[in-house]
Amino acid sequence: MSRRAVMIRLTALIMLLAFISAPNLFAPVFEPLTTNNAPAIYNQGNLLFLTMAHLGTVFSAALASTLVAVLLGVLVTRPSGVEFLPLSRSLVSIGQTFPPVAVLAIAVPLVGFGEKPTLIALFLYGLLPIFENTLTGLTQVSPLTLDAAKGMGMGPTRRLYEVELPLALPVILAGIRLSVVINLGTATIGSTVAAKGLGEVIIAGLQSNNTAFILQGGLVVALLAVLIHDGLMMFERLLVRRLGLGPAAA
Amino acid sequence: MIEIERLTKRYGDTTVVDDVSFGVEEGTITVVVGTSGAGKSTLLRMINRLVEPTSGRVLIDGQDTRSIPEDDLRHRIGYVIQGYGLFPHRTVAQNIATVPRLLGWDRKRIADRIEELLDLYQLDPAEFATKFPHELSGGQQQRVGVARALAARPELLLMDEPFGALDPVIRAKAQDDLLAIQRRLRATIVLVTHDMEEAFHLGDRIAVMDQARLIQYGPPAELLTRPAEAFVERLVGTADRPFRLLSLAKVEDALEPGLAEGEPVAASGTLYEALSRLMWCGRQDLPVADGTGSVIGRVSITGILAYGRSA
Ligand SMILES: Nc1ncnc2c1ncn2[C@@H]1O[C@H](COP(=O)(O)OP(=O)(O)OP(=O)(O)O)[C@@H](O)[C@H]1O
Ligand SMILES: [Mg+2]
């Protein structure tokens with residue numbers, strides 16, 4: 001990353017932190033967007049708390065998606081699991097094509113309001129990128145490398161942990177990053193079923209016709225997405241370099 | 001001693017290795033040559049059971065390989081493939097350490113072995129141990145591939161076109177290095193190639209395969225003087241047969257009594273080299289010296305030509 005790129009991100013991070021911890025400092029910026037003396041800054045809850053709750057939901061869902069998707073990806077690339085590949089592909093794709101709102105509608109009667117239905121929706125929505133990338137990562141490992149590993153007497157488990165997974169790791173991580181970033185935005189719908197999160201700010205804005213609220217909610221989510229995306233990408237690059245998988249520029 | 005007994009491999013109706021038997025003496029290099037698709041790689045891979053034979057068996061020092069657990073067997077047999085298959089996420093040292101680590105050697109012993117092998121291959125440990133494969137040249141990767149296969153002192157080294165990806169100059173050097181190391185370690189090697197030059201250069205014995213069958217097995221000179229089939233004759237090339245023979249024969253094979261002028265040639269050198277020297281310095285004959293440097297006779301152009309004709 002160039003110096004300038006780093007500076008821009010650093011500034012964004014500082015602004016974001018300042019805004020969620022002391023939003024009232026920014027009141028003058030948002031005042032022009034309000035009418036009828038409505039509050040310029042979201043005042044129905046603590047932004048810092050909502051941000052934390054939002055991140056908590058997204059990362060818990062990502063953790064669950066990662067565990068399931070990677071496990072599934074490993075299973076269907078083993079000789080004994082190949083026959084389940086088409087089936088698991090369809091299932092995971094359905095998870096992605098089924099709108100998260102519809103998942104909420106189905107889940108609420110089953111598990112009640114709150115965080116649970118949101119977690120389920122995000123979990124399903126986030127499976128596909130991780131699963132597909134796990135498949136790509138594992139199948140792109142050079143057959144030559146695997147042949148050498150087998151020829152030197154590495155058993156299947158060792159080959160998985162010492163060769164296949166490390167070599168697939170960068171691609172799997174990219175899938176997780178994608179999943180997290182998509183779900184940072186998607187998680188806002190959780191607020192329709194009373195999950196704590198930044199969606200609350202946007203919905204409050206919609207209900208009271210307060211553009212300032214909508215903008216605040218949207219901006220915080222967008223900044224989080226951009227910064228987390230870049231953060232994860234930096235981490236991936238570092239890892240690739242540590243694993244010796246190519247020049248840092250990769 | 002490796003004994004290959006009636007090895008056969010069928011995929012469906014096609015037989016890719018058909019009833020092949022031969023023995024490999026300890027400390028020798030056996031080269032398997034043949035055209036593409038002849039079944040060479042399949043034969044090699046049946047030795048370490050990467051391919052399960054349809055029938056037949058392989059004995060290592062009299063022990064049937066089927067009685068040894070697959071992974072244990074492969075720890076005892078080094079394996080080098082074309083393209084080497086180095087682990088891209090592991091350093092040179094870690095790559096070489098693979099089998100010793102699987103065998104549970106302690107750190108010190110592994111570190112010593114890595115250093116020993118890198119030295120053997122003239123790769124400075126300080127510089128190369130921590131490099132990753134993508135930071136190495138093709139020739140260096142090849143050497144690391146062989147070093148890795150040799151790491152746990154295997155009883156047998158299998159090499160499948162180990163020099164196939166190298167340019168001619170590096171290739172010749174790699175072949176000479178392999179010969180030097182093989183003589184030093186007294187390693188037993190089975191090497192697959194489709195390059196006849198390579199087979200003659202490296203092989204103590206050559207196995208010629210065609211269409212799944214082993215059609216001749218013997219020392220290089222025998223392939224030249226008594227080719228089993230027209231196919232072998234075509235493969236070794238009839239036109240330059242005398243030259244190949246000269247490059248297999250030692251100067252002492254055409255030693256004549258008497259004295260000659262000039263710089264002596266070594267008795268252990270090949271007749272090919274001697275002829276080349278004679279032509280270059282424009283003489284009819286040159287003295288021959290043994291290992292200690294004392295002259296034991298002479299070698300002449302007429303003598304060498306007579307030897308070549310006798311083939
Ligand atoms: N797993 C397999 N299933 C079906 N056929 C196979 C399989 N492996 C090899 N064969 C066939 O067996 C024949 C011999 O293959 P092999 O790889 O042993 O040849 P080779 O002599 O090593 O050739 P090359 O010089 O091209 O490497 C080929 O016709 C190949 O298509
Ligand atoms: Mg082959």
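Domain bounds here come from an automatic or database domain assignment. By that assignment, chain B is divided into domain 1 (2-237) and domain 2 (243-310), and the C-alpha centres of these two domains of chain B lie 34 Å apart. This is a predicted model, in which local features need pLDDT of at least 70 and side-chain atom pairs count only at pLDDT 80 or more, while totals for chains, interfaces and linings use all residues. Residues are numbered from 1 along each chain as its sequence is written, chains are lettered from A in the order in which they are written, and side-chain values use heavy atoms, with hydrogens and water left out.

In chain A, UniProt (unreviewed entry) places the feature "transmembrane region" at residues 52-76, 97-114, 120-146, 167-193 and 213-235; such annotations may be inferred rather than shown by experiment. Two of these stretches can be followed in the model. Residues 97-114 of chain A are 72% helix and 0% strand, with end C-alpha atoms 23 Å apart. For residues 120-146 of chain A the figures are 89% helix and 0% strand, and the end C-alpha atoms are 37 Å apart. Helices (H or I, at least four residues) and strands (E, at least two) are DSSP runs, numbered from the N terminus.

The two chains meet through 25 residues of chain B and 22 residues of chain A, contact meaning heavy atoms within 4.5 Å. About 1,900 Å² is buried between chain B and chain A, and carbon and sulfur atoms give 62% of that area. Buried area is the accessible area (1.4 Å probe) that two parts lose on being put together, summed over both. On the chain B side, Phe87(B), His89(B) and Leu102(B) lose the most area to chain A, together 29% of what that side buries.

The rule finds 3 salt bridges across this interface, each a side-chain nitrogen of Lys or Arg within 4 Å of a carboxyl oxygen of Asp or Glu. Over all chains, the whole structure has 30 salt bridges. Glu162(A) takes part in a salt bridge with Arg90(B) at 3.3 Å, N to O. This pair runs from helix α8 (residues 156-186) of chain A to the loop between β6 and α3 (92-96) of chain B. Glu162(A) also forms a salt bridge with Arg101(B), where the closest N and O atoms are 2.8 Å apart.

On the side of chain B that touches chain A, α2 (70-76), β6 (77-81) and α4 (98-102) each supply at least two residues. The largest share, 4 residues, comes from α4(B).
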